[in-house]
Amino acid sequence: MGKRAAIVGTGQTDHKSIRRDVNGQELIHEAVTRALEDAEMTIDDIDGVVIGNMDHFEGINYVDCWSIDGSGGYLKPVMKLCTGGTTGTTLAIGGYNMVASGMFEKLLVIGWEKNSESDTTGAIVTATDPILDRGVMAGALAGLAIEASEYAAAYGVTPRDAARVSVRDRGNACNNPHAHLQKAVTLEEVLNSPLISDPLRLLDMCPRTDGACAVIYAGESCAEKICPQPAWVVAATNRHTYSRFSDIKGQTGMVSLSRAAEELWQKTGIREPLKEIDVVELYQPYSWGGLKWMEDLSFCGRGEAPKLVWDGVTDMEGECPFNPSGGVISTNPIGATGLIRCAEIALQIQGKAGKHQVPDVRLGLATGFGGCFWSDCILYSKKKPE
Amino acid sequence: MSEADTPELLAVRSREGLEQVFHYSAGRYLSRFLVALRDQAKVLGVRCPACNTVYAPPKAVCDPCFAEMTEPVEVGPGGVIRNCTTLHAAFVDPETGVTRPVPYAFGNVQLDGADSLIQNYLVAEDPSRIRVGARVVIEFRQERTGNMKDIRCFRVV
């Protein structure tokens, strides 16, 4: 095991569809400045920078260099991480690993995206196999729709069940000043919104967002001096499976998320996640993921998630609130999206989540989703790990 | 800088009239697969010697076993839809620069004799028959060039 490490500061931009008032570097600068202010640090205190996005969205392929004036990385060690949709949680895991290794003490971790600068679906298509997958593949919309088609066929789950997740998250977003979309919706509004890729409707799906998120990780020697309540990493796991969509044998169970979760629970001794975890920020780009992926995470058995969601177990007042921030279907600057999950869990642990605060958070789970159904899991704790 | 100082916010367009073309190497495995599509209207997969999984389209390495695969296996032309969708949201296809005509149905089919899936358009006279579990058969194009487009679609039977 490495040294202990914690998030000691977070910063998010004002997330919007189009931030024409800032270029990419300036957007990054906004998040970095806010994270430094939150931790009461200056850029001189930072001893390394890790940054990431999905570079094919902006068409800029050397972001680590290009972003220096925004990131504050001038004459510091800087590196870039990119794993597609999981970029934000890969940043959070990579940053944790660097601090836990003892090689860095105060590390600035940045995820960002300016999704307004290109056609998101077209750009995602370019991330797939050029010979086998690009001809008919249609980005995240259709990739997720086919997952929903399998899940619905296997367990009889309905669009109405999924719509309940959308109602929950879009309602929660109204309490988060950083959320891109802050409009509550009804079940009927979700079910009557335009069909975009059967069975997914517009209000089942995440938006495209311009936004950035920065978090500061600190090592065990200084975290408590910087911050009265650090958000400690307990464990982080991730699994990659296939390299191309035509390899995927089926997604009735998402094997990468199941395996990442299995290792997380084994490492942390958690036996009943639903009872033991206080809050979850699920990387859930569409409403159906809020059902099926609960099952892959072992929060309940196969086909049981709809009942839990209808019963309010994952609502703000429920036993284990999911996505108090409004989640990914309210805010989705893709390279930042996973890191926002982690920043939001840190806010919950620190008691700084304002109107979307869940009471008495001791343990919070952040997840990442991307690629050919790849998965990341990070568990954060109020208590310093033994 | 304040809003008053910047009354106009610009976005600068990239690539006026430019075209950047890529040439992707198919490699031995996919070349054999694409040549069989082109010359024989057949789908060739490959079997993993360690776990017997049949991948179609073929590839060099079985991910779970990390074993090199060498035994070719002919699969199809029939199969089963394992997952599917009908896309209604239009977007610009980065391969062609042209907006994809929507709606269209596509999905992943498990061809008879294969364990992996293959993606393509799904077609049925009655579109309500395009659903998980439906039987399909490959429809090849008359003019084939050694490209995935040599498979026009999977037609529900």
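1. Starting with a backbone detail: just after α5 of chain A, A:Gly102 takes a positive phi of about 85°. Helices here are DSSP runs of H or I with at least four residues, strands are runs of E with at least two, and both are numbered from the N terminus.

2. Some housekeeping before going on. This is a predicted model, in which local features need pLDDT of at least 70 and side-chain atom pairs count only at pLDDT 80 or more, while totals for chains, interfaces and linings use all residues. Residues are numbered from 1 along each chain as its sequence is written, and chains are lettered from A and ligands numbered from 1 in the order in which they are written.

3. Back to α5(A). This helix has 14 residues and reaches 19 Å from its first C-alpha to its last, close to the expected 20 Å (the expected span is 1.5 Å times one less than the number of residues). Of its 14 residues, 11 are buried, so α5(A) is largely enclosed by the rest of the structure. Buried means that 20 or more other C-beta atoms lie within 10 Å of the residue's own; exposed means 12 or fewer, partly exposed is in between, and C-beta atoms are placed from the backbone. Among the buried residues are A:Thr87, A:Leu91, A:Ile93, A:Tyr96 and A:Met98.

4. Where does the chain A domain assignment put its bounds? Domain 1 covers 5-119 + 209-226, and domain 2 covers 128-207 + 233-381; these bounds come from an automatic or database domain assignment. The C-alpha centres of the two domains of chain A lie 23 Å apart.

5. As for how the domains of chain A meet, 36 residues of domain 1 are in contact with 32 residues of domain 2. Contact is counted when the C-beta atoms of two residues, placed from the backbone, lie within 7 Å. On the domain 1 side, the elements giving two or more residues are β1 (5-12), α5 (87-100), β4 (106-114) and β7 (210-219) of chain A. The largest share, eight residues, comes from α5(A). By class, that side has 14 nonpolar, 18 polar and four charged residues. The classes are: Ala, Val, Leu, Ile, Met, Phe, Trp, Tyr, Cys and Pro nonpolar; Asp, Glu, Lys and Arg charged; the others, Gly among them, polar.

6. Now α13(A), residues 289-296. Why is it called largely enclosed by the rest of the structure? Because eight of its eight residues are buried. They include A:Leu291, A:Trp293 and A:Met294, along with A:Lys292, A:Glu295 and A:Asp296. The buried residues of α13(A) pack against α7 (139-155), α8 (159-173), α11 (255-268) and α14 (305-310) of chain A.

7. Among chain B contacts between residues at least 6 apart in sequence, 51% join residues at least 24 apart.

8. Strand pairing in chain B is worth a look (two strands pair if DSSP finds at least two bridges between them). One open sheet has three strands in the order β2-β1-β5, with antiparallel pairing; its edge strands are β2 (54-55) and β5 (71-75), each of which pairs on one side only. β1(B), residues 43-47, pairs with β2(B) over two bridges, and B:Val46 stands opposite B:Tyr55.

9. β10(B), residues 151-156, runs parallel to β8(B), joined by two bridges, with B:Leu122 opposite B:Phe154. Five bridges join β10(B) to β9(B), residues 135-140, and that pair is antiparallel. Here B:Val137 stands opposite B:Arg155.

10. Last, the chain interface: 36 residues of chain B are in contact with 38 residues of chain A. On the chain B side, β6 (78-87), β7 (104-111) and β8 (118-123) each supply at least two residues, and β6(B) gives the most, with six. That side divides into 19 nonpolar, 11 polar and six charged residues.
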